[in-house]
Amino acid sequence: MGTSIDADDAAAAEFHEFFEAHYAELARFAHLLTGEVDAADDLAADALLALWHRWDRVRNADHPVAYARGVVANLARTRIRSAVRERRRIALFWAPRGGGDGYAVEDPDVSAVVDVQGALRRLPFRKRACVVLRHAFDLSERDTSLVLGISVGTVKSQTSRAVAELQRLLGPDTPAAHVHVAVATQRTGGSQ
């Protein structure tokens, strides 16, 4: 009886240490994926709760932090998909009835410089996740593939395409090196 309680206490202490070491990083990752500060905290907390329920499996994993990032990525993907579905339902509800093309959308007044977070939000989820993990969290291609559950080749192609898209969004005179630095700066909140 005493060894089970000791083992439970040890697991709880180990999880607490993991939580303290990685919560902020997971919240930043969620923020960069969703673009929402409040959602980021919720997603990080939900991910850590899910990890706690599977702590025996997580702590025995080869890469527990990669596992945790994967949980955050999946939760963020689900949140984004839910938001898109909700927006579509609202748009359908408010769409004019009967004939016509609905409502005309004028081209927005785009400023000369698009901020990095705005550009990141415009990327599809997988491209955004690849570029954030590679450049904001300095993960290797292999580690990024482990987090997202995709092949290394897919990480390479998605990251390359994401950087090209960010260059296009940030302006034609933005070299790739500046995109890498700008994304990395998002990790530290702009203090790089």
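This is a predicted model: local features need pLDDT of at least 70, side-chain atom pairs count only at pLDDT 80 or more; totals for chains, interfaces and linings use all residues.

Me: How many salt bridges are found in the whole structure?
Reply: The search finds 6, a salt bridge being a side-chain nitrogen of Lys or Arg within 4 Å of a carboxyl oxygen of Asp or Glu.

Me: What does Glu25 pair with?
Reply: Glu25 forms a salt bridge with Arg69, with the closest N and O atoms 2.1 Å apart. Because Glu25 lies in helix 1 and Arg69 in helix 4, the pair ties together parts that are 44 residues apart in sequence; helices here are DSSP runs (H or I, at least four residues), numbered from the N terminus.

Me: Buried or exposed, those two?
Reply: Both Glu25 and Arg69 are buried, where buried means under 20% relative accessible area, exposed over 50%, and partly exposed in between (1.4 Å probe, protein chains only).

Me: And Glu36, where does its partner sit?
Reply: Glu36 meets Arg79 in a salt bridge at 3.3 Å, N to O. Arg79 lies in helix 4 and Glu36 in the loop between helix 1 and helix 2, so this pair links parts 43 residues apart in sequence.

Me: Switching to helix 8, how far apart are Glu165 and Arg168 along it?
Reply: They are 3 residues apart, about one turn of the helix, and their salt bridge has its closest N and O atoms 2.6 Å apart.

Technical notes: Residues are numbered from 1 along each chain as its sequence is written. Side-chain values use heavy atoms; hydrogens and water are left out. Helices (H or I, at least four residues) and strands (E, at least two) are DSSP runs, numbered from the N terminus.
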